[in-house]
Amino acid sequence: MNNLTGEKLYDLKAVGKRIREIRGDYTLEDFGFLADRTSKAAVYNWENGKSLPNKERLKIIALLGKTTVEWVLYGNLDEYISSLFLVGSKPYENMKAFYMKLGYKKELFKLYEVTTPDAKQSIIDKVIEKAKQNEWSYSETHHITDLFLNIADNVLERNQHTENLPLDIKELLSTIEKQNLTDDEIDSLLTIVRNHFKS
């Protein structure tokens, strides 16, 4: 079981955009004063992803925005999960570094990074869907990352098996996959295909 507590799984630039959104029409100086008498230079640095407010100031900013500290740091759950698995993002690099220190799933990360953008997005979408079904939140990052590793492993392994198929068959399989069929529906479809070739 992994523990990502304390890892920097937020993107400073995205945090800055959310702080800017909360600031609204306030000047840098006025917003800094509201955020615990902070300088306008500090607010500028927050908004440009150069630094992060301390815990107390994050709480004040969240109150000013009528939101939560988690939203200021991570955005909504979809944004958070997407940033975790967006190759090249700070959250992804920090999450990957955590697993690399453990010597865990190195080959899977390599394979994930070179796979097609569509395959990556498909994996991310499946993780988001499952996380929502389980009603997970930001605090369940270890479950979310474990789920990502399982889904990525299954999808990428399946993709390796279909690598040598003709393009039109791959496209057909991709279209079928997007239907999110149940196991029974997949069994029915396979039966129809089998019967078609027997006739």
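**View A. D36 is partly exposed, with a relative accessibility of 37%.** Partly exposed here stands between buried (under 20% relative accessible area) and exposed (over 50%), with a 1.4 Å probe and protein chains only. This is a predicted model, in which local features need pLDDT of at least 70, side-chain atom pairs count only at pLDDT 80 or more, and totals for chains, interfaces and linings use all residues. Residues are numbered from 1 along each chain as its sequence is written, and side-chain values use heavy atoms, with hydrogens and water left out. D36 sits in the loop between α2 and α3; helices (H or I, at least four residues) and strands (E, at least two) are DSSP runs, numbered from the N terminus. The phi angle of D36 is near 70 degrees, which is positive in a residue other than glycine.

**View B. D36 and R57 are joined by a salt bridge.** Their closest N and O atoms are 3.9 Å apart, where a salt bridge is a side-chain nitrogen of Lys or Arg within 4 Å of a carboxyl oxygen of Asp or Glu. The pair links distant parts of the chain, with R57 in helix α4 and D36 in the loop between α2 (28-34) and α3 (40-47), 21 residues apart. R57 has a relative accessibility of 22% and so counts as partly exposed.

**View C. Within helix α4, K59 and E56 form a salt bridge.** The N to O distance is 3.5 Å.

**View D. D153 and K105 form a salt bridge.** The closest N and O atoms of D153 and K105 are 3.4 Å apart. D153 belongs to helix α10 (residues 141-161) and K105 to the loop between α7 (90-102) and α8 (106-114), so this pair ties together parts that are 48 residues apart in sequence. Both residues are partly exposed: D153 has a relative accessible area of 29%, and K105 has 25%. K105 is not a glycine, yet its phi is positive, at about 60 degrees. Side chains of opposite charge can pair when their charged atoms come close.

**View E. A nonpolar surface patch contains Y26, F33, L34 and L64.** Together these residues have about 370 Å² of accessible area, from the Shrake-Rupley method with a 1.4 Å probe, for which only the protein chains shown count as cover for residues. Patches are made of residues with over 30% relative accessible area and no salt bridge; nonpolar side chains (Val, Leu, Ile, Met, Phe, Trp, Tyr) are joined within 5 Å and like charges within 9 Å. L64 lies in helix α4, which covers residues 55-64. With a relative accessible area of 36%, L64 is partly exposed.

**View F. D183, D184, E185 and D187 form a surface patch of negative charge.** Asp and Glu count as negative and Lys and Arg as positive, while His and the chain ends are not counted. Each charge is placed at NZ of Lys, CZ of Arg, CG of Asp or CD of Glu. D187 is part of helix α12, residues 183-198. Its relative accessible area of 45% makes D187 partly exposed.

**View G. F197 is an exposed residue of helix α12.** The relative accessibility of F197 is 66%. Between F197 and E177 there are 20 residues of separation in sequence and 21 Å in space, C-alpha to C-alpha.

**View H. The whole protein, for orientation, has twelve helices and zero strands.** Read along the sequence, the pattern is α-α-α-α-α-α-α-α-α-α-α-α. The C-alpha trace spans about 80 × 35 × 30 Å along its principal axes. The radius of gyration is 22 Å, whereas a compact globule of 199 residues would have one near 16 Å; this value is taken over C-alpha atoms, and the globule rule is 2.2 Å times the number of residues to the power 0.38. Of the 199 residues, 32% are buried. A search of the whole structure finds seven salt bridges, including R57 with D36, K59 with E56 and D153 with K105.
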